[in-house]
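Student: I'm new to this one, could you walk me through its charged side-chain pairs?
Tutor: Gladly, let us take a look together.

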Amino acid sequence: MDTDIFESHESEVMSYARSFPVVFDQAKGSYLYDETGKEYIDFLAGAGTLNYGHNNPVLKEKLLEYIQRDGIVHGLDMHTAAKREFMDTFYEVILKPRDMDHVMQFTGPTGTNAVEAALKIARVIKGRENIISFTNGFHGVSLGSLAATGNSHHRGVAGVTLGGVTPMPYDGYLGDAFDTTEYLDKVLGDSSSGVDHPAAVIVETVQGEGGINAASFEWLRNLEKVCRKHDMLLILDDIQAGCGRTGSFFSFDEVGINPDIITLSKSLSGYGLPFAMVLMKPDLDQWKPGEHNGTFRGHNLAFVTAAAALNHYWRDDKFAKEVQKKADIITDRFREIANSYDDHWFYLNGRGMMQGLVARDGELAEEITKACFKRQLVIETSGADDQVIKTLCPLTISEEDLTRALDIVKDSVSEVMTDRIKRGEAHSVSSLAG
């Protein structure tokens, strides 16, 4: 395996390559293949970018057909046939059935671009600087998005003061018995709280990088009420949890809220192509022409595959039901693992096919994911201390492959915990019973 060029000329900033030290060469569906042809089940899937798997044949056919006929690839924000087809499809398949009249803004290649635009327009509309974010939230690493991100690892290299954002406790941060929206309401209603009147709140329904923390539906509904009471916009960051990851296209579909602004990216193109979008209610669309732009805000290849994904997977509820069925399998298997050990070594987080097996500490989670990789499963960790073993497999994974991957997780947990049991650091439930 030749890795000399990476070691000698790639920046030290690389991260995933350190956890998965092979050279990958091909990918299909739920599998990655290294240069020797060795296969790995992919439970990372581009950090949630490949919800429909690698080289999805339905999307690939449309993409190759478009390229073969010399369809326009780069068009800035000019009108193109590919953009028109995507917008028509997105409206008919996603917005219209939900009675949403949000307009679409194409911001640039990645999620942080969408978040930057959302924060900017919220501040312009309300004439206020402050934004409310939440503990363990992650919204990107460009400076505006980073200010709303809680992770100290990323914040620490900003090089400047990150201002204009006030962090508040996310659901469950202060314990299950405490509704943190009541605290938010209190400080916003107190002119001496020290919290400036915000323009908006930005929130994830499930915090991906923050540890797969899933907010309760009641908490999210209460948060919207606080926003309306205090004249703030509700920005829903659905970059990782959206596009079907929780079982419905939007992660808030079943919650009963109506966000003012929604950010999407990652699996929006369906094929791993760069694509980010902001949805906003029409009265909020107060941009002047060219006021927010980007060279790659009109990526037509992504429009082609995104429209194909919507047409194939979201015209009815069949795919969503399949996702939920697989989500139940993940929940059952993770619960089985967690219940096998005493002293709360593990517990479950998340929703849909965005779930996490939370280990007692980051060292334990890292040992388990390393053991998984030795068994040819690519799976990562998240959370403040990297203590959460995180499922982001393609939503299209077969139940057979899903079961095989979860068997690997179970065997890897068993290997690591057996070693700890031998050292007297842990006990299995069966050993206690015996």
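What follows is a short chat about salt bridges in this structure.

Tutor: Please keep in mind that this is a predicted model.

Student: OK, how many salt bridges does the count come to?
Tutor: The count comes to 24 salt bridges, and one of them joins Asp231 and Arg128, whose closest N and O atoms are 2.7 Å apart.

Student: Switching topic, which residue meets Arg228 in a salt bridge?
Tutor: That is Asp260, with 2.7 Å from N to O; Arg228 lies in helix H10 and Asp260 in the loop between E10 and strand E11 (261-264), so the pair ties together parts 32 residues apart in sequence.

Student: Which residues belong to the network with Arg228 and Asp260?
Tutor: Glu224 and Lys281 join Arg228 and Asp260 in one network, through salt bridges that share partners.

Student: What about Glu336 and Arg333, how many residues apart are they?
Tutor: They are 3 residues apart in helix H12 (residues 318-338), which means about one helical turn separates them, and their salt bridge has its closest N and O atoms 3.5 Å apart. Glu336 is partly exposed at 34% relative accessibility, whereas Arg333 is buried at 14%.

Note on methods. Residues numbered from 1 in each chain as written. Predicted model: local features only at pLDDT ≥ 70, side-chain atom pairs only at ≥ 80, totals over all residues. Heavy atoms only, no water. Salt bridge = Lys/Arg side-chain N within 4 Å of Asp/Glu carboxyl O. Helix = DSSP H or I, 4+ residues; strand = E, 2+ residues; numbered from the N terminus. Buried < 20%, exposed > 50% of the residue type's maximum accessible area, 1.4 Å probe, protein only.
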